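Please examine the following model together with its sequence.

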Amino acid sequence: MTQPESSLEARPGSVVFTGVRKDFGNFTAIKNLSLTIEPGTLVTLLGPSGCGKTTTLRMLAGLEHPSVGRILIGGKDVTMLPANERDVSMVFQSYALFPHMSVTENVAYGLAASGLRKAEAREQAEAGLELVGLAGFGNRLPAELSGGQQQRVAVARALVLRPQVLLLDEPLSNLDARLRRRVRTEIRELQQRLGFTAVYVTHDQEEALAVSDRIVVMQQGEVAQQGAPRELYETPASAFIADFMGEANVVDCVVTGIEQGEALVRIAGLDHRVPVRGAVPGPAKLAVRPNAIMLTASSGGAWPGRIKTTAYLGDHLEYEVETEQGSLFVVDADIDKHLTAGTDVGITLHNRGVAVITA
């Protein structure tokens, strides 16, 4: 008999890093990390290779220990505890399923290893498979499943242990693009439905935007910025964040004034009104998303530029536009207005997708 979902109810715990540093010999991978993750939220550690996100996850899992600082899970100091004494479960990039065991045996493995009777472990494993939409797949071997199904087995195996925190290390990197979109939606829906705390590591910005309550962007072992997905995308604190959180054109500008919640920004002798978002008068940089640029086939009264390259991508056009302030990358959904290379254009900006940055 399948166990009801309530028997696998999550026990979400908080996570707190306080002044954490991690050294590997003379190299400091994590410089001074202080971070709080609230119970029941999905927080993504995002950043380029070598930024420290995986080291942070491994310290949380107990696979590495801080050189300095403290880590708390659910209010308990786990800084120096080994991995098997922490109330966390990890979903690995490689899934790490036992090929000779059935799907049910894989999911039940951790339960059985913790001393649960075989019949109870199997019952809870079957409930876990039902949670992730794999009821009836229990007798199959991992090799008989698709990549997406194997990933769901790995998630079920972690969830049946009812950890305070679920850790996901690049969980979709082995899937093709279409399957990644589907599985990330499934993971997010499951997290919201069960309410468990999750720490998710990825280098994929789109993936982070899609699944997260909060995103922590890391750069060279430090937190560059953290916040809700929309906040990071629309109000980047630096040129690095603007360019990393989706493509952005970063150009020099001058903030000439602040009026009624808008910043007056001057580029190429022309003024633009953009959301103020902390801007102050003086030299600054403007981050402009590719789809926040409007092009007209005339430069009269607008920021002048010239089309350098054009690419048709089915549902949109991509342009490279040369201006005196540098090259701009533009995405235009109007595929009927196909501007050719060499065309002089006027550039105007949408209000959304434009932000003044000062760092």
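How many bridges join strand β14 to β20? Strand β14 (residues 282-288) is joined to β20 by four bridges, and the two run antiparallel. Strands here are DSSP runs (E, at least two residues), as helices are (H or I, at least four), numbered from the N terminus. Within this pairing, alanine 287 has alanine 355 of β20 as its bridge partner. Strand β20 (residues 354-357) directs Val354 and Val356 one way and Ala355 and Ile357 the other way, and all are buried (under 20% relative accessible area, with a 1.4 Å probe and protein chains only).

The model is predicted: local features need pLDDT of at least 70, side-chain atom pairs count only at pLDDT 80 or more, and totals for chains, interfaces and linings use all residues. Residues are numbered from 1 along each chain as its sequence is written, and side-chain values use heavy atoms, with hydrogens and water left out.

Strand β17 (residues 317-323) is joined to β18 by seven bridges, and glutamate 320 stands opposite phenylalanine 329 in β18.

Turning to helix α2 (residues 103-113), the buried residues are Val103, Thr104, Asn106, Val107, Ala108 and Leu111. Their cover includes α3 (118-131) and α4 (147-159). Just after α2, glycine 115 adopts a positive phi of about 105°.

Notes. Buried < 20%, exposed > 50% of the residue type's maximum accessible area, 1.4 Å probe, protein only. Contact = heavy atoms within 4.5 Å. Pairing = 2+ DSSP bridges.
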